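Welcome, and please take a moment to look over the sequence and the model before reading on. The notes that follow walk through some helices and a few individual residues.

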Amino acid sequence: MKHIKYIFYAWILLVAGNSCSGELDQAPAGKISLEEVFQENDKTMYYLNTCYSRIPIKGCRYFFWSRGPVCWSDEAWDADDLDVNWSASSLLYNGSASASSHPVWNVGGEDLSMSYWGNYFAMIRSCSLFLTNIGTAKVNDERERMRWIGEAHVLRAYYYSELLRWFGCGLPIIREPYSLNQDFSEVTRGSYYEVVRFIMEDCDAALANSELPWRITTSNEALRVTKAMAEAIKARMILYAASPLYNEGQNYWEEAYSVIKTSLANLRSNGYELYNQVNIPSTFASEDAFLPNKYAQLFNEYFCTSAAYSATPVDKETIYQLIDGQGDLANVDAIGSILGYKSGTCPSQELVDAFETTNGQPILDLSRPYIDEETHLQPNYNTGNTLYDAQNPYENRDPRFYASIYYNGSKRRCGWTFDETPANYENYPASAGNRTRIIATWAVDENDPASGSESRTGLSATARNKTRTGYYHRKFIHPFSGNENRLGGARYKEFRLGEVILNFAEAAAESGHTDEAYAAVNEIRRRVGMPDLPAGLSKDALILRIHNERRVELALEGHRYFDVRRWSAPNGDLAKTDRWVTAAYITRKSDGTYVYDRAQVNGNERKCYTNKYLKVAIPLGEVNNMIAISGENWQNPEW
């Protein structure tokens, strides 16, 4: 079928319903009417293609090859914040955001969908126009008509879900498109919950559609949406609707539990399951991959490979992956010295603190992780954890830690572009080329404090190709990508079963279905060889453990930014999580051992933690238009 390969070259129809495409039969003025579009099968199909045109790329494809919300939360620091001081990360860190120019949506970059408000509403309108006209459109195959209807419902639900995640406010519910001569003073907004109910209505329409498949099985249909995606959208958004920031004082947890339980059961019954074995052992189980056990290997393998389009895929966990790969991550989002450019995403000490030890004990007291709750320089250690040693902090950790983070003393084999110098104690002598290098991230040499950090991979307050935090991320980095092996990153996994299981665990715990909450979170833990959660936890303690499990399992995937917000009260802020981000501050002693301490990244607080940053500002022009038309101010609080 010709459908998806045309998506990003699709005929972009004007808001008034016209098209300027030379590919279509043209009227004398060079345009055709919307009515004419739906009089031909192919033109109808091409119109549906336009509904796909603003699906984002995400992953590492935010502005300047950034991970966007990963670096805007307490998960990581963007090493580009100084070199690209007009980037979203830098502006957010400095608090340089307003309703007329907000860093989240007022930047360009690799991801074409950054202007979220306008782009997503345009797509919602296109989906609604399609659904309004498809019933009478000239279509060659009635099965195709049905499938296209299902796709339009899923796409509209997806765009609405993205608007809710970013802006967090009530929105107009658009079943049928507004006409240009509509009285917009009559436009009203549904509540957050009402919009989620509309999203689920669209998803249910798709799920009832006999021609919409559960899985895409051929590569020429890549990016087409499915019933599985509809279930994943429902499971995500009802969880959000029940969360404190959005529930308007109502208790929707029982409904969330019921909806997600059904979605999860339907996904399982249609072949979705956790990725549970190493399938490319020659790479990921190789001694030179430096992944210490099968669990770290399978976890790293999963995120470094794109899902295949097959009726019987090896990867049965990925529900929906985005269309583009993530580029040359070794160059833009890894250990910067591999290719000499930049490090990109530097995981925080806070994220590292979240990974438990292999005995299943948290490192910190999750009820109050830091004695100094905002600055995070005094960890409040879990007294029940006898395995953790703060001066040997990377031993005996959750396998997902080794699959996700490069830390002081870890190793990587790839093509390095430089010769080692005598100051690089751990690696000298060695020449440029393909070799194993110890990733030393120490900040100061005890014998020569003035010399600064390890010259290639050590802590730095200013160098974009070094770490700002004492860590580099490896979750999405192929084990051997480097100078001589320029491998692109895998496609971003927008929805996966692991998230749905954790959505269910949280909703089950919040609604009092304790046994099912335990079973769900323990399924995630067993996949990587971690012990079950201890029985008999209080409800509050169980919820804290589930929150932490999300933080570890979904680390660096972009969820944390939204989680810390939805867990906040409407009058709250992010001072305890996002105001300060800390780094591992490591001193190298003359005997080759290290002293581990903590420091605040660059000594600067992030200024994007106050109440108004719980939600993104609606663009000022849009707000002013609605004030002029209806007299209602749609703007989010404090913007």
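Leaving aside neighbours within four places in sequence, which residues is glutamine 297 in contact with? They are Val278, Phe284, Ala285 and Leu291. Keep in mind that this is a predicted model. Glutamine 297 sits in helix H10, which covers residues 294–304. Is glutamine 297 buried or exposed? Its relative accessibility is 10%, and under 20% counts as buried, so glutamine 297 is buried.

**From glutamine 297 to arginine 491**

Now follow the chain to arginine 491. The C-alpha atoms of arginine 491 and glutamine 297 are separated by 18 Å, while the two residues lie 194 residues apart along the chain. Arginine 491 belongs to the loop between strand E8 (472–473) and strand E9 (493–496). Leaving aside neighbours within four places in sequence, arginine 491 is in contact with Ala222, Ser306, Tyr309, Gln321, Leu322, Ile323, Asp324 and Gly325.

**Another loop residue**

Glutamine 361 is found in the loop between helix H12 (349–354) and helix H13 (399–404). Not counting residues up to four places away in sequence, glutamine 361 touches Glu356, Asn382, Gly384 and Asn385.

| Residue | Relative accessible area | Class |
|---|---|---|
| Glutamine 361 | 27% | partly exposed |
| Arginine 491 | 23% | partly exposed |
| Tryptophan 65 | 23% | partly exposed |
| Leucine 223 | 2% | buried |

**Backbone details**

Two residues in the table have backbone angles to look at. Tryptophan 65, in the loop between H2 and strand E1 (76–78), has a phi near 55°, a positive value in a residue other than glycine. Leucine 223 lies in the loop between helix H6 (192–207) and H7, and its phi, near 85°, is also a positive value in a residue other than glycine. Elsewhere, a cis peptide bond joins tyrosine 428 and proline 429, with omega about 0°. Proline 429 is in the loop between strand E5 (410–416) and strand E6 (433–439).

**Helix H7**

Helix H7 spans residues 227–242. At its start, a side-chain oxygen of threonine 226 comes within 3.3 Å of the backbone nitrogen of alanine 228. Does the length of H7 agree or disagree with 1.5 Å a residue? Its 16 residues should span 22 Å, and the end C-alpha atoms are 23 Å apart, which agrees. Of the 16 residues of H7, 16 are buried, so this helix is largely enclosed by the rest of the structure.

**Helices H2 and H4 together**

The last stop is a pair of helices. The axes of H2 (residues 41–50) and H4 (residues 116–133) come within 9 Å and cross at roughly 150°. Angles over 145 degrees count as roughly antiparallel, so H2 and H4 are roughly antiparallel to each other. Their crossing is left-handed. Where they meet, Thr44, Tyr47, Leu48 and Thr50 come from H2, and Met123, Ser126, Leu129 and Phe130 come from H4.

H4 has 18 residues that should span 26 Å at 1.5 Å a residue, and its end C-alpha atoms are 25 Å apart, which agrees. Of those 18 residues, 13 are buried, so H4 is largely enclosed by the rest of the structure.

Technical notes. Residues numbered from 1 in each chain as written. Predicted model: local features only at pLDDT ≥ 70, side-chain atom pairs only at ≥ 80, totals over all residues. Heavy atoms only, no water. Helix = DSSP H or I, 4+ residues; strand = E, 2+ residues; numbered from the N terminus. Expected span 1.5 Å × (residues − 1). Buried < 20%, exposed > 50% of the residue type's maximum accessible area, 1.4 Å probe, protein only. Polar contact = N/O pair within 3.5 Å; in protein donor to acceptor, adjacent residues only side chain to side chain. Axes fitted to C-alpha atoms, helices over the stretch in contact; angles between N-to-C directions. Parallel < 35°, antiparallel > 145°, perpendicular 65-115°, else oblique. Left-handed = near helix turned anticlockwise from the far one by under 90°. Contact = heavy atoms within 4.5 Å.
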